[in-house]
Each structure stands twice: as C-alpha cells, then as structure tokens.
Amino acid sequence: MTSQPIAGQPRAGTVRGSSGDADDRQPQKGRRRPLGGQRSNVLTIALLACVAYFLLPLVWLVIASTKSNAELFSTFGLWFAHFNLVGNLRDVFTFQGGIYISWMRNTIFYAVASGVGAAALATAAGYAFAKLHFPGGNALFAIVLGAIMVPLTALAIPTYLLFSKVGLTDTPWAIILPSLVSPFGVYLMRVYAAGAIPDSLLEAARVDGASEGRIFFSIALRLLAPGFVTVLLFALVATWNNYFLPLIMLNSPGYFPLTVGLAQWQSTSQAGSGSQALFSMVITGSLVSIIPLVVAFLFLQRYWQSGLASGGVKQ
Amino acid sequence: MSEIAVARYRPRAVEMPTRKGGGLKRRQAIASYILVAPFFLVFLTMLVLPLFYSGYLSLFREQLAGGTIFTGIGNYVRALHDQVFLSGVLRMAQFLVIQVPIMLGLALVFALAIDSGRLRMQRIIRLSIFVPYAVPGVIAALMWGYLYGRDFGPFAQGARAIGLPTPPFLGNEWMLGSIMNIVTWSFVGYNMIILYSALRSIPTELYEAARVDGAGEFRVAWSIKIPAIRPALLLTAIFSVIGTFQLFNEPNLLRILAPNVIGVGYTPNLYAYNLAFINQDINYAAAIAFLLGFVIMIVSYVVQLGALRRERRP
C-alpha cells in the first residue's frame with residue numbers, strides 16, 4: 001500500500017476547485033446548516049457502533065501493553081490484569097542495548113528528511129508549472145502525471161540493484177533518496193499554486209522590477225506555505241510507514257526504522273527462540289511507535305485543514 | 001493516463017496572453033527550468049532510471065552455468081504461464097472486487113452521515129474513524145495478527161469461553177478475508193476524509209433549493225451530493241486499485257504466523273520480492289514487477305474509462 005499517503009491531498013484540489021463559494025465554506029465545526037434540522041439519535045448510535053470497530057483494536061493494544069507476557073496468555077484480552085506497563089516499557093527500551101531508541105531516531109530522521117526534501121522539490125516545480133511559462137512545460141507535466149501511476153514497488157527492486165552498484169545500500173541515503181520523488185506532490189502543488197497566487201500579484205511584482213527568483217522566494221513561498229505543509233505531512237507519513245523499501249535496502253539493525261525492527265522482533269518471538277518476553281515487547285513497542293503519529297495527526301489535521309481552506313479563499 | 005486530471009487543471013497561466021517582449025518570456029523560461037530542475041533530477045535518477053533498468057533486466061536470463069543471456073520477451077512468456085504469478089494476480093483481482101467496494105461504500109456512507117449535520121459528537125466520530133490511518137500498515141498487521149491469534153486473541157478467548165471452536169482467521173479459507181479486514185480497517189477513514197472534504201466543497205445553495213422543494217436527506221445525497229463528488233470517488237477508486245495490486249505488508253507479516261497458508265506468491269508483489277531476494281532470480285523478478293505495473297495501469301485506466309462513460313450519460 002505504498003501509494004496511500006499521498007491521496008489525502010486531493011483535499012487541496014477539492015477546496016481549490018470550489019473557490020467560488022470558499023467563504024461560506026468556513027464553517028464552525030459541524031454547524032454549517034442552520035436549517036438542516038434535528039440531530040438524529042439513531043444515526044449517531046449506528047455510527048458509534050462503527051466507531052467501536054475502529055477503536056477496539058487500539059484499545060486492545062493499550063490493554064495488552066500493560067500485561068506481562070504470561071498474562072497475555074492467561075487473562076482475557078479486553079480487560080486489565082496486573083499493571084506491568086512500566087516493566088514492558090523498560091524491556092522495550094533496553095532490549096538489545098536499547099536498539100529501539102535507535103529505530104525511533106532513524107524513523108524520525110528518515111521521515112523528516114524525506115518529507116522536507118520532497119515538499120521543497122514539489123513546491124518549486126509545482127509553482128513553475130502553475131505560474132510560469134516555459135517551452136515543454138505541459139509535456140513535462142504530463143510525464144509527471146503519468147508517473148503517479150507507476151507502482152512504487154515496481155521500482156524498489158531495480159533501485160536496490162542500482163544502489164548496490166554504487167554502494168548506497170545499507171545507508172540512510174537508500175531510504176531518503178527514493179522518498180524524495182513525489183509526482184503527486186508536484187500535481188498537488190500545481191493545483192494549489194494556481195489558486196493561491198493571484199496572477200495580478202505576480203504582474204505587479206514584475207512591473208516593480210522584481211526578478212523571478214525574488215518573486216518566488218519572497219512572495220510565492222509565503223502563499224504556498226499551507227500547501228507545502230500538506231505535501232510535507234503526507235511525504236513524512238509515507239516514509240514513516242514505509243516497510244518495503246527499508247526491508248530491501250537495509251541489513252544493519254542499527255539503520256532500521258521502527259517498522260522493520262518491530263517486524264523482526266515479531267518473527268523472532270514467533271520462532272519462540274527462548275526469549276519469552278518478546279510478545280509483550282512487540283506489543284508495547286508497537287503502541288509506543290504509533291503514539292507520535294496519532295498525536296501529530298490529531299494536532300496537524302486542524303492545522304492543515306485550516307491552512308488549505310484559507311489558501312482556497314485567496315482567489 | 002490521467003486525462004481527466006489534465007483536462008480539469010489546465011494551468012491558468014496559459015490564459016495569460018504573452019503580450020510582453022521576449023525578454024520577460026525568456027526570463028520566465030530560465031526561472032522555470034531552474035525551479036523544476038531539482039525535482040526532475042531526482043525524478044530521473046530515482047524513478048525513470050530504475051524503471052528503464054528494470055525493463056532492461058527483464059529481457060535477460062541467468063544461466064545455470066553462470067552468465068546472462070538475452071531472452072527478449074522470454075521472461076514475460078514464462079510469467080504468463082506461471083501458475084504462482086497468475087493465481088496471485090487473480091487473488092488480487094478477487095480482493096479488488098470484494099474489498100474495494102466495501103471500503104469505499106463504508107467511507108461514502110460515513111462521509112455522507114457526517115456531512116448531513118445530523119450527528120451528535122460529529123468531530124469525535126470523524127477522528128475515531130480516521131485514526132487507524134495513522135497506524136503504519138506493518139503495525140496494523142502485527143496488531144490484527146495478535147487479535148486473530150489462537151493463543152491470546154480476544155476472539156479465540158471469547159469463543160473458548162462459550163464453548164465454540166476458535167474461528168480460523170488465519171486458516172486457508174479465511175485468510176484473504178482477514179487481510180481484507182485489516183486493509184479496510186486501515187483505509188476507510190482515510191477515504192472518508194477525502195470524500196468528506198469533497199462534500200464540503202459543494203455549494204450549499206444546491207441542496208437548500210432541493211430541500212425547499214421537499215427532497216429528503218437520502219434524495220439529496222443520492223441525486224445531488226454523490227454526483228457532485230464523482231471526481232473524488234474516482235480518485236479514491238484509482239488509489240485503491242494501485243494499493244491493492246501492490247499489497248505486501250499485510251501478507252508478509254501474517255506469513256510469519258501462517259507460513260503454510262501464505263505461500264511465496266500469495267500476492268504478486270510478495271512473489272517479486274521472494275524471487276529477487278530469496279531465489280536471486282533478479283531478471284524474472286523485474287519482469288514480474290513490470291507486468292504488475294502494467295496490470296495496474298490497465299485496471300486504473302478501465303476504472304477511469306468506466307467513470308467517464310457514466311458521466312457522459314445524461
């Protein structure tokens with residue numbers, strides 16, 4: 001499922017596409033329809049039942065992470081036993097010389113480096129495609145659009161072979177470099193720039209004698225910031241969640257991201273090679289690994305939603 | 001491929017007549033090339049080059065005696081007769097036909113319910129459905145693997161408590177459904193958010209008028225809202241197609257738990273991985289990956305075409 005993270009971005013496209021009614025689309029949450037009518041209890045209860053399906057696995061994860069390995073087997077999964085969370089956390093962070101901390105650091109580093117890089121490249125290119133004239137521009141853009149369909153996994157194996165020829169496998173570059181390409185990011189930034197930057201503003205700057213570079217850096221970049229954050233966020237999540245690429249590219253556990261590391265712990269624990277505490281460690285490690293992303297999502301969702309909406313009003 | 005997208009997002013700059021002297025045009029062109037250059041540098045080295053390299057590799061075959069020889073389309077012919085590959089593709093087609101409609105249907109229903117404004121706790125519900133998207137696929141597969149498990153999975157525990165046989169989630173017959181469930185759990189919320197934001201960009205006046213004319217919530221949803229968000233639906237469908245055929249994380253993780261059920265070629269992507277890294281048959285793996293990309297492009301194209309045709313109908 002490598003292509004998933006980017007697709008959240010159409011949000012920009014959709015907000016953008018409806019610029020005409022953008023201002024009455026700035027609702028206070030859930031309150032945009034004064035005449036719409038009564039709240040429905042039946043509908044609410046039906047949806048809450050569905051919510052249980054989405055939350056129960058996570059509830060189970062939280063409960064399971066408070067149990068010792070033996071209690072996982074001996075007590076019912078959806079209720080607490082002895083509170084062993086602290087002991088589990090200590091195991092997670094100290095096992096194999098604290099390698100979990102390295103995995104976490106690697107994950108953050110790969111995700112931030114790829115996210116910032118991909119967003120920067122996409123912003124520059126997207127702006128040029130949307131706002132500047134140049135021969136071959138449309139043809140180049142069509143190529144980028146075509147590339148959105150290229151399945152990333154079809155690329156991973158040849159990329160691995162190419163990287164092994166130049167000695168890049170089993171280095172952080174092997175994860176970051178392929179993650180910098182985001183054709184969908186370019187598409188999004190083009191759509192976004194087309195709406196967020198008024199042509200009249202660019203005209204005025206040109207009349208005042210500003211160079212194209214200066215226009216981009218001091219005017220366009222500021223207006224493109226919300227779009228930049230969106231691409232950054234999705235590129236970041238894509239790298240954070242990536243499993244296939246690091247699985248192929250990396251051999252040294254010291255370079256692993258959390259996904260590959262935890263999967264390795266899982267196969268060790270399943271093989272049952274004497275180290276009994278592993279199940280509770282995999283579970284607790286999984287819980288710890290998703291907390292940053294869940295928190296970031298809940299927090300950033302508001303940020304980027306409002307960012308895109310305000311970008312959408314601009315023209 | 002994405003004709004729709006191209007057609008809809010023609011650059012606005014094109015409308016701007018080139019009414020000024022050549023100097024401005026040249027300066028703009030130079031600036032443009034400088035701005036797109038970094039992206040295309042990475043694009044060429046990290047996407048185009050591997051793609052062509054993969055195509056090149058797929059035309060060769062390693063010999064037992066050592067050394068590689070040119071076989072032309074030999075690897076492709078082999079793939080089209082390879083039962084493991086074909087059954088993997090077929091399995092993904094089955095997955096696509098069953099799971100994607102369920103996932104997108106649920107996402108659409110949730111999005112419409114939230115957009116109707118008739119829910120209490122609307123914000124909490126929306127975020128709760130979305131939260132699984134923040135869980136990496138690998139972690140989701142790990143977690144569900146435990147939930148499905150016979151030893152300490154709550155389903156098995158519950159079944160034992162009331163004297164029923166433990167449900168064979170990871171058995172041969174249930175496995176595909178179990179994987180479908182993991183993928184659905186992970187991505188319903190994400191698709192819902194896309195559809196929901198599309199719904200919110202529909203001008204309210206459109207259905208205020210319909211309401212005044214006495215249309216109920218279902219009628220409004222069916223006749224106004226769903227047609228209005230067709231582009232977003234199409235987009236989610238295409239991304240689901242791409243995602244489905246690339247399925248790897250879930251089967252690879254569940255394989256640890258059920259090695260006898262999930263074989264080397266359970267999904268085409270898993271097959272390519274095993275060919276390349278276990279069998280060391282790089283050339284054949286490249287051909288498989290290439291064919292897989294081809295299948296994805298065809299199916300995405302068919303989905304787009306189908307949607308276009310429906311749109312043209314009055």
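A:Gln38 counts as exposed because its relative accessibility is 57%; exposed means over 50% relative accessible area, buried under 20%, and partly exposed in between, with a 1.4 Å probe and protein chains only. This is a predicted model, in which local features need pLDDT of at least 70, side-chain atom pairs count only at pLDDT 80 or more, and totals for chains, interfaces and linings use all residues. Residues are numbered from 1 along each chain as its sequence is written, chains are lettered from A in the order in which they are written, and side-chain values use heavy atoms, without hydrogens and water.

Back to A:Gln38. This residue sits in the loop between α1 (10-17) and α2 of chain A; helices here are DSSP runs of H or I with at least four residues, numbered from the N terminus. From A:Gln38 to A:Ala70 is 32 residues in sequence, and 51 Å in space, C-alpha to C-alpha.

Next, helix α8 of chain A, residues 183-196. Its 14 residues reach 20 Å from first C-alpha to last, close to the 20 Å expected, where the expected span is 1.5 Å times one less than the number of residues. α8(A) is mostly covered, with 14 of its 14 residues buried.

Now the interface. On chain A, 131 residues are in contact with 120 residues of chain B, contact being heavy atoms within 4.5 Å. Chains A and B bury about 11500 Å² between them, 70% of it on carbon and sulfur atoms; that is accessible area (1.4 Å probe) lost on being put together, summed over both. Helix α2 (residues 41-64) of chain A gives the most to the side of chain A that touches chain B, with 14 residues.

Definitions and conventions: Buried area = accessible area lost by both parts, 1.4 Å probe. Helix = DSSP H or I, 4+ residues; strand = E, 2+ residues; numbered from the N terminus.
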